[in-house]
Amino acid sequence: MIVNFFLIIAWTQLCQAINTGKLQKHFEWNIMDFEYPDLNKKLNDMATGRLKPENALPVGIEIWNEKMFITTPRWKEGIPSTLNYVPIVSATKSPALIPYPSLEANELGNCERGLSTVYRIHVDQCDRLWVLDTGTFGIDTTTQNPCPYAINIFDLRTDTRIHRYEFRKEDTNSRTFIANIAVDLGKTCEDAHAYFSDELGYGLIVYSLKENRSWRFEHSFFMPDPLKGDFNIDNLNFQWGEEGIFGMSLTAVQKNGFRIMHFSPLASNREFAVSTQVLQNSSKTEDSYHDFYYLEERGPNTHTTSRVMSHGGIQFFNLIDQNALGCWNTIKSYEPKNIGIADRNDQELIFPADVKIDRNNYVWVVSDRMPKFLISTLDYKEPNFRVFFAPLEVLIKDTVCEDNIIIPSDQSNLYLTTDKTIFTNPEIYLSTKSEDNILQGILNGQVYPSLNKPLGKTDLLSQWNYRY
Ligand SMILES: *[C@@H]1O[C@H](CO)[C@@H](O)[C@H](O)[C@H]1NC(C)=O
Ligand SMILES: *[C@@H]1O[C@H](CO)[C@@H](O)[C@H](O)[C@H]1NC(C)=O
């Protein structure tokens with residue numbers, strides 16, 4: 001509560017003072033630093049090369065109460081801790097990272113009790129932090145695998161790890177690289193599934209907490225578009241041509257009890273969708289080709305690695321070629337004219353690496369100049385890493401993502417959409433009277449005549465209430 005109040009005040013003041021972008025800068029670092037329980041150990045680690053702050057890059061963020069979690073993958077040496085947090089209300093704009101839950105619990109190569117490399121993480125409604133340890137050290141050709149891929153779940157109220165699960169051999173392959181996670185809660189905290197996108201091995205791994213079991217989907221929609229592998233970011237030209245399925249987001253639970261997952265390969269401008277009903281069924285792994293759907297392309301220069309969906313159906317995603325945060329209102333069809341720019345900043349938002357929404361509907365973004373870090377070198381005399389936030393409503397204001405449903409007086413003239421938008425707003429279709437038909441239409445990818453039928457005013461109004 002106090003945190004939230006502080007943020008509202010801070011946000012309002014900043015807006016008045018600067019009045020530029022919608023996103024307000026909350027943290028800013030030239031170089032990351034790590035907090036140690038004991039200064040002697042820190043000095044010793046610096047002397048021995050176990051601490052090299054210039055090798056730390058913030059990649060994933062998550063927010064829980066007064067903590068902001070920040071992950072720093074071990075791509076190079078000298079990263080004492082891969083899972084960290086900072087207090088959101090901090091005396092400085094550049095707080096040192098505090099290892100979470102402790103420095104010891106972040107030990108590289110200690111498979112059972114440590115964490116080797118962590119990318120994106122997720123806090124669920126049951127106050128748990130879901131963390132995938134890739135078990136790796138290095139990047140690309142330097143990658144070593146001291147440990148297997150393992151899911152770690154932490155209880156945020158007690159700061160203890162409550163669960164660990166190692167992926168089966170069959171869940172990964174020799175090319176596997178997983179940097180993203182989505183978590184899907186059912187009716188209880190036990191009834192949870194996590195999804196992991198295998199960017200370079202082209203798979204989607206599902207883990208059921210209740211069953212303590214995992215399985216792997218493969219699909220050609222997980223693969224890159226061979227024409228979309230060229231990138232121009234931060235005045236650097238490079239090719240990430242092999243990068244497949246990356247960012248994932250989940251809608252709210254639909255009337256059929258399942259969510260819709262949207263995902264996009266990194267080397268691609270296209271969006272895909274699948275019902276979690278399919279993903280949660282392990283006997284579907286061999287036969288699910290027709291259960292996956294494709295949407296329109298977003299348009300040129302719309303590579304994206306990270307996305308999140310609000311409860312109200314607004315998807316936010318990083319537009320890494322545009323130094324921007326993109327948005328899409330799922331009530332509208334997925335096509336370039338409905339893809340909005342929530343905010344853009346060519347100086348400070350270079351490579352937005354992760355985007356999250358907290359429980360108060362604030363959207364958070366971290367930017368980290370990753371290509372420059374990987375391909376060239378960062379200048380540590382200037383700010384390189386930044387964390388921004390803004391209220392969701394502010395971000396979508398005056399963009400195409402704003403809710404602007406027109407409810408006409410003459411219901412019979414209301415055609416919400418054409419058959420092209422079949423997957424883009426399942427909630428709307430599910431709230432119409434021909435519910436079963438339309439559900440089938442979504443799940444089977446066929447165009448049903450009922451999609452072009454007028455939607456009743458009452459249906460729309462109840463939909464509106466459901467969303468907000
Ligand atoms: C989950 O499964 C793994 C591997 O099959 C096993 O080692 C572990 O003990 C199980 N955990 C629980 C809580 O059942
Ligand atoms: C899982 O998929 C199989 C094969 O398509 C199907 O026969 C079965 O009914 C599904 N199970 C559930 C629980 O949906």
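Two strands are taken to pair if DSSP finds at least two bridges between them. Strands are DSSP runs of E with at least two residues, numbered from the N terminus. The structure is a predicted model, in which local features need pLDDT of at least 70, side-chain atom pairs count only at pLDDT 80 or more, and totals for chains, interfaces and linings use all residues. Residues are numbered from 1 along each chain as its sequence is written, while chains are lettered from A and ligands numbered from 1 in the order in which they are written.

**Strand 21 and its partners**
- Strand 20 (residues 307–309) runs antiparallel to strand 21 and is joined to it by three bridges; Met-309 stands opposite Gln-315 in strand 21.
- Four residues lie between the strands in this hairpin of strand 20 and strand 21, where Gly-313 has a positive phi near 95°.
- Six bridges link strand 21 with strand 22 (residues 324–329) in the antiparallel sense, and Asn-318 faces Leu-325 of strand 22.
- The hairpin of strand 21 and strand 22 also has four residues between the strands, and Asn-323 takes a positive phi near 50°.

**Burial of strand 21**
- Six of the six residues of strand 21 (residues 314–319) are buried, so the strand is largely enclosed by the rest of the structure; buried means that 20 or more other C-beta atoms, placed from the backbone, lie within 10 Å of a residue's own.
- Ile-314, Phe-316 and Asn-318 point one way, and Gln-315, Phe-317 and Leu-319 the other.

- An open sheet with antiparallel pairing has the strand order 1-26-25-24.
- Strand 1 (24–29) and strand 24 (352–357) each have a single partner strand, so one side of each lacks a neighbour in the sheet.
- Strand 1 pairs with strand 26 (residues 385–391) over five bridges, with Gln-24 opposite Phe-389.

Note on methods
Buried ≥ 20, exposed ≤ 12 C-beta atoms within 10 Å, placed from the backbone.
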